[in-house]
Amino acid sequence: MIKKLAVLTAVTILLLAGCGKNKVDESTAEAYITKAKEAVTLLNEQNFDELRAMFDETMKDALTVEQLQQTVEALKESGEFSKFGDGSVSKRESYYVTILPAEYTKDQRVYEITFDEQQRLAALYVK
């Protein structure tokens, strides 16, 4: 568990270091971190309709309810959701990429959630 946490921390630091040039201001970061937490909460609660309502058109076509259900099944191996860690946001081209650590009772996960400038969810990865 400690080894996983150390690796997770190292990966997060590397991701953050790579994003340093494209930092966003604090209020922008806070807004996108809040949206990312909302998305993860909806995923954890299996509220797929509300989650998909946050998607841009490409994501609606790319990520089905069945795929979201498979993601939730994989997340169940991590146990119950406990809390979020400190998130960060960087800007890549016209997108805002949020890195959001999440603690579960058995494991740690890191979400990488990309939003467009209209705060629509454009990508969702769980590590």
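## Helices first, strands after

The protein has 5 helices and 5 strands, where helices (H or I, at least four residues) and strands (E, at least two) are DSSP runs numbered from the N terminus. This is a predicted model, so local features need pLDDT of at least 70 and side-chain atom pairs count only at pLDDT 80 or more, while totals for chains, interfaces and linings use all residues. Residues are numbered from 1 along each chain as its sequence is written, and side-chain values use heavy atoms, with hydrogens and water left out.

**Overall layout**
- Reading from the N terminus, the order is α-α-α-α-α-β-β-β-β-β.
- Of the 127 residues, 39% are buried (under 20% relative accessible area; exposed is over 50%, partly exposed in between, with a 1.4 Å probe and protein chains only).
- Take the contacts (heavy atoms within 4.5 Å) with a separation of 6 or more: 48% of them come from residues 24 or more positions apart.

**The core**
- The largest nonpolar core holds 27 residues, and Leu-43, Leu-51, Tyr-111, Ile-113 and Leu-121 have the most contacts inside it. Such a core is a set of buried Ala, Val, Leu, Ile, Met, Phe, Trp, Tyr and Cys residues joined through side-chain atoms within 4.5 Å.
- Two or more residues each come from α2 (26–44), α3 (48–53), α5 (65–75), β3 (95–104), β4 (108–115) and β5 (121–126).
- Helix α2 is the top contributor to this core, with 8 residues.
- Leaving aside residues up to four places away in sequence, Leu-43 touches Phe-48, Leu-51, Leu-68, Thr-71, Val-72, Leu-75 and Tyr-111.

**Helix α2**
- With 19 residues at 1.5 Å a residue, α2 should span 27 Å, and its end C-alpha atoms sit 26 Å apart, which agrees; the expected span is 1.5 Å times one less than the number of residues.
- Buried residues in α2 include Tyr-32, Ile-33, Ala-36, Ala-39, Val-40 and Leu-43.
- Just past α2, Gln-46 has a positive phi of about 60 degrees.

**Salt bridges**
- There are 6 salt bridges, counting a side-chain nitrogen of Lys or Arg within 4 Å of a carboxyl oxygen of Asp or Glu.
- Lys-127 and Glu-112 pair up at 3.1 Å, N to O. That links distant parts of the chain: Lys-127 lies in the segment after β5 and Glu-112 in strand β4, 15 residues apart.
- Glu-112 counts as buried at 12% relative accessibility, whereas Lys-127 is partly exposed at 43%.
- Asp-116 and Arg-120 meet at 2.8 Å, N to O; Asp-116 is buried at 7% and Arg-120 partly exposed at 38%.
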